[in-house]
Amino acid sequence: MKDTEPGKSERRALITGATGQDGSFLAELLLEKGYEVWGMVRRSSVGRYERIEHLMGNSRFHIRYGDMTDAVSLVRLAADLRPDEVYNLAAQSDVGISFEVPAYTAQTDALGTLYLLEAVRAAGLEKSCRVYQASTSELFGGSAGIPLGEDTPFHPRSPYAAAKQYAFSICRNYREAYGMFISNGILFNHESERRGENFVTRKITLAASRIAHGLQDRLHLGNLDARRDWGFAGDYVECMWRMLRHPRPDDFVIATGRQHSVREFCSLAFRYAGMEIAWRGAGPDEQGVDKKTGRVLVDVLPELFRPADVESLLGNPEKAVALLGWTPEKTSFEKLVRRMVEFDMKYVLK
Ligand code: NAP
Ligand code: GDD
């Protein structure tokens, strides 16, 4: 697999959502591979570039302002930069919050994707530019223990998933209608020490670290029974790049093929932070207590349950293994949790 096309010394990539968890790992990867990388960021009254600050000095890394809800900004970016590859990672990505801001979620995640594809077309790049769309396992709406693959029907269970379903479909439609190279990565949950603090894994590793240092009393959680197929974000961004190096545009599930419950994630994170949890009670009365002291470390708050939740997600990554050379569980669940806790044990003291 070649990193650059013949006769071209440097490929130019545009990443929307460059300040996000995945955007920052992807920017690092593409820079390592010799790309010129343009990250789209949105204007904010506070500097929000902590995940990409370390890349700012790199002469091949640049940022430009834009917003997924502002079609004009996307048209201008595509026309000015004429990228070889576009990675559309920008999104209102919080499933729970999408119930609070459903219209904004649809504007950003659904219509924003359409605007971006039109911007690529308007710049006359539909035959040359390859597009990666950040699709999601949330499209499936659950697995009931059966591994989900590219042919499993969708059943979105949140405004976020419904918006992403539109984005998935419009990408497929533009691929078929205009012959564009657009690939959907149907990625299952992937985490890291750069994960947003609202997502359950990071919420847990931060809380376990703060509790270990005496900075927090206890952790409140919602659905402890929810099960996810959790991988490491650094591994998953490599698949995004591989999808655009593949000879044909296609849709790929990226997952580890294993799942764990929120409760299991919690037990392991607290163990790495130096505490063993014993679970007692059930439903809203369930608590996680410190085996040594009997102190309550975790409890359940009914208001943290979603109006509709995806109970179980488990992916079947066979196609990506066969066609993209993907290695599931490159970073194991245990290694992932340990990595996040080790980072947060220091981070919470800053
Ligand atoms: P993230 O950390 O929440 O990052 C989202 C990025 O989108 C941020 O850079 C954010 O900018 C930007 N953004 C949000 N609204 C925008 C708008 N209106 N205009 C321009 N930029 C906007 O998400 P992530 O975990 O890196 O995920 C990346 C993508 O993969 C998302 O599309 C997500 O839905 C999808 N996905 C994620 C997972 C996962 O497990 N992580 C799994 C499947 C799919 P600010 O920094 O300014 O907020
Ligand atoms: N956030 C959160 N906070 N989730 C909780 C909590 C809590 O206190 N307690 C239990 N959960 C449960 C949620 O109800 C959900 O079932 C599960 O933990 C995972 O929640 P999140 O970490 O918020 O992630 P998500 O699975 O809803 O969505 C993430 O993964 C999707 C891919 O499947 C996001 O990254 C999406 O953008 C992504 O598409």
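Author: Happy to! One term before we start: two residues are in contact when heavy atoms of theirs lie within 4.5 Å. Please also keep in mind that this is a predicted model.

Reader: Which helix does α1 pass, and is the crossing right-handed or left-handed?
Author: α1 passes α7, and the crossing is right-handed. On the α1 side, the contact is made by Gln21, Asp22, Phe25, Leu26, Leu29 and Leu30. On the α7 side, Ala233, Gly234, Val237, Glu238, Met240 and Trp241 take part.

Reader: What classes of residue are in that contact of α1 with α7?
Author: Eight are nonpolar, two are polar and two are charged. As for the geometry, the axes of α1 (residues 21–32) and α7 (residues 233–245) come within 9 Å and cross at roughly 65°.

Reader: How many of the residues of α7 are buried?
Author: 11 of its 13 residues are buried, so α7 is largely enclosed by the rest of the structure. Among them are Tyr236, Cys239, Met243 and Leu244, along with the charged residues Asp235, Glu238 and Arg245.

Reader: Nice. How far does α7 reach from its first C-alpha to its last?
Author: It reaches 19 Å, close to the 18 Å expected at 1.5 Å a residue.

Reader: New topic! What can you tell me about Glu191, and is it buried or exposed?
Author: Glu191 is buried, because its relative accessible area is 1% and the cut-off for buried is under 20%. It belongs to strand β7 (residues 190–191).

Reader: Which side chain does the one of Glu191 join in a polar contact?
Author: That of Thr201, at 2.5 Å. Leaving out residues up to four places away in sequence, Glu191 also touches others, including Gln21, Trp230, Ala233 and Met340. You have met Gln21 and Ala233 already, in the contact between α1 and α7.

Reader: What about Glu193, where is its place?
Author: Glu193 is in the loop between β7 and α6 (200–212). It counts as buried, because its relative accessibility is 11%.

Reader: Which side chain does Glu193 make a polar contact with?
Author: The side chain of Arg339, at 2.8 Å. Apart from neighbours within four places in sequence, Glu193 is in contact with Phe25, Arg202, Phe232, Arg339, Met340 and Phe343.

Reader: Let's switch to α5. Why does its length agree with what a helix should span?
Author: At 1.5 Å a residue, the 20 residues of α5 (residues 159–178) should span 28 Å, and its end C-alpha atoms are 28 Å apart, so the two agree.

Reader: What do the buried residues of α5 pack against?
Author: They pack against α3 (95–98), α4 (102–122), β5 (130–136), β6 (181–187) and β11 (251–254). Tyr160, Phe168, Ile170 and Tyr174 are among those buried residues.

Reader: And Pro159, is it buried or partly exposed?
Author: Pro159, which is found in α5, is partly exposed, with a relative accessible area of 24%. It touches Ser98, Phe99, Pro102 and Thr105, not counting residues up to four places away in sequence. Pro159 and Val95 are 64 residues apart in sequence but 7.6 Å apart in space, C-alpha to C-alpha.

Reader: What happens just after α5?
Author: Gly179 takes a positive phi of about 70° there. Arg82 has a positive phi too, of about 45°, although it is not a glycine.

Reader: One last stop: where is Leu297 found?
Author: Leu297 is in strand β15 (residues 296–300). It counts as buried, at 0% relative accessibility. Its contacts beyond four places in sequence include Ile211, Leu219, Phe270 and Val289.

Key
Residues numbered from 1 in each chain as written. Chains lettered and ligands numbered in written order. Predicted model: local features only at pLDDT ≥ 70, side-chain atom pairs only at ≥ 80, totals over all residues. Heavy atoms only, no water. Helix = DSSP H or I, 4+ residues; strand = E, 2+ residues; numbered from the N terminus. Buried < 20%, exposed > 50% of the residue type's maximum accessible area, 1.4 Å probe, protein only. Polar contact = N/O pair within 3.5 Å; in protein donor to acceptor, adjacent residues only side chain to side chain. Expected span 1.5 Å × (residues − 1). Axes fitted to C-alpha atoms, helices over the stretch in contact; angles between N-to-C directions. Left-handed = near helix turned anticlockwise from the far one by under 90°.
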